[in-house]
Amino acid sequence: MSGRAVMSQPSVVMDVRDLTASAAFWGRLLGVEPGKPRSNGDYLTVGPLASGVALVLQRVDDPRQVKNRVHLDFTVDDIESAVQLILELGGSRLEKQFTVSGETMADPDGNEFCIAAYTRDAQGERVEPTSGP
């Protein structure tokens with residue numbers, strides 16, 4: 001087998017109950033204009049999370065009942081400002097935190113995600129943000 005990847009062009013698909021409200025929430029946080037519903041109104045692509053990775057919302061009828069087995073992590077410039085915006089948009093801060101130097105949040109459907117003011121490199125080592133250009 002060659003060194004070429006077998007899979008490419010990943011999308012993260014998140015179950016939501018209200019496609020329109022969730023698209024508005026995630027579109028605002030990601031700074032993008034979400035696409036239009038498709039496939040009988042059951043799917044909507046919000047936009048890119050990173051180069052080649054898109055966030056796709058899938059409408060489901062049942063509410064989330066257990067902790068997410070997969071969640072998103074985001075790097076933010078200012079944690080408190082990001083928390084405030086998330087709360088204003090209908091998200092919430094989880095009582096049980098799963099990060100020690102950031103915040104564990106949830107979208108209006110309860111889908112969990114973390115925010116922090118740092119990122120990690122390909123080996124998982126913490127990379128602090130650089131100041132200036």
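Two strands are taken to pair if DSSP finds at least two bridges between them, and the strands and helices themselves are DSSP runs, numbered from the N terminus, with a helix being H or I over at least four residues and a strand being E over at least two. By that definition, β2 and β3 are antiparallel partners joined by six bridges. The model is a predicted one, in which local features need pLDDT of at least 70 and side-chain atom pairs count only at pLDDT 80 or more, while totals for chains, interfaces and linings use all residues. Residues are numbered from 1 along each chain as its sequence is written, and side-chain values use heavy atoms, with hydrogens and water left out.

The sheet to which β2 and β3 belong is open and three-stranded, with the order β1-β3-β2 and mixed pairing. Its edge strands are β1 (11-16) and β2 (43-50), each of which pairs on one side only. Between neighbouring strands of this sheet the average turn is 25°, direction ignored, where axes are lines fitted to C-alpha atoms (for helices over the stretch in contact) and angles run from 0 to 180 degrees between N-to-C directions. Strand β3 (residues 53-59) pairs with β1 in the parallel sense, over six bridges. Along that pairing, Val 13 stands opposite Val 56 in β3, and Asp 15 stands opposite Gln 58 in β3. The hairpin of β2 and β3 has two residues between the strands, and in it Gly 52 takes a positive phi near 85°.

A second sheet is also open, with four strands in the order β4-β7-β6-β5 and mixed pairing. Here β4 (72-75) and β5 stand at the edges with a single partner strand each, so one side of each is left without a neighbour in the sheet. The pairing of β4 and β7 is parallel and extends over four bridges, and within it Thr 75 stands opposite Ala 116 in β7. Helix α2 packs on this sheet, touching β5, β6 and β7, and its direction makes about 10° with that of β6; contact here means heavy atoms within 4.5 Å.

Which residues of helix α2 (residues 79-88) are buried? They are Ala 82, Val 83 and Ile 86, where buried means under 20% relative accessible area, exposed over 50%, and partly exposed in between (1.4 Å probe, protein chains only). These residues cover an arc of only 100° around the axis, and therefore lie on the same side of α2; the arc is that of the directions from the helix axis to the C-beta atoms. Their cover includes α1, β5 (92-93), β6 (102-106) and β7 (112-116). At the start of α2, a side-chain oxygen of Asp 78 reaches to within 3.0 Å of the backbone nitrogen of Glu 80, and just after the helix Gly 90 takes a positive phi of about 105°.

Glu 103 lies in strand β6 and is buried, with a relative accessible area of 15%. Its side chain is joined to that of Arg 93 by a polar contact of 3.1 Å; such a contact is a pair of N or O atoms within 3.5 Å, of which, within protein, one must be able to donate a hydrogen and the other to accept it, and residues adjacent in sequence count only if both atoms are side-chain atoms. Leaving aside neighbours within four places in sequence, the residues in contact with Glu 103 include Ile 79, Glu 80 and Val 83, as well as Phe 113.

Aromatic rings come next. Rings of Phe, Tyr and Trp (its six-membered ring) pair if their centres lie within 6.5 Å, with planes under 30 degrees apart counted as stacked, over 60 as edge-to-face and the rest as tilted. A search of the whole structure finds five such pairs. In one of them, Trp 26 and Phe 74 are tilted, at 6.0 Å centre to centre and 35° between the planes, which links helix α1 to strand β4 across 48 residues. Trp 26 is buried, with a relative accessible area of 1%. Phe 74 also forms an edge-to-face pair with Phe 113, at 6.0 Å centre to centre and 85° between the planes, and this pair links strand β4 to strand β7, 39 residues apart. Phe 113 is buried as well, with a relative accessible area of 1%. Together with Phe 25, the residues Trp 26, Phe 74 and Phe 113 form one aromatic cluster.
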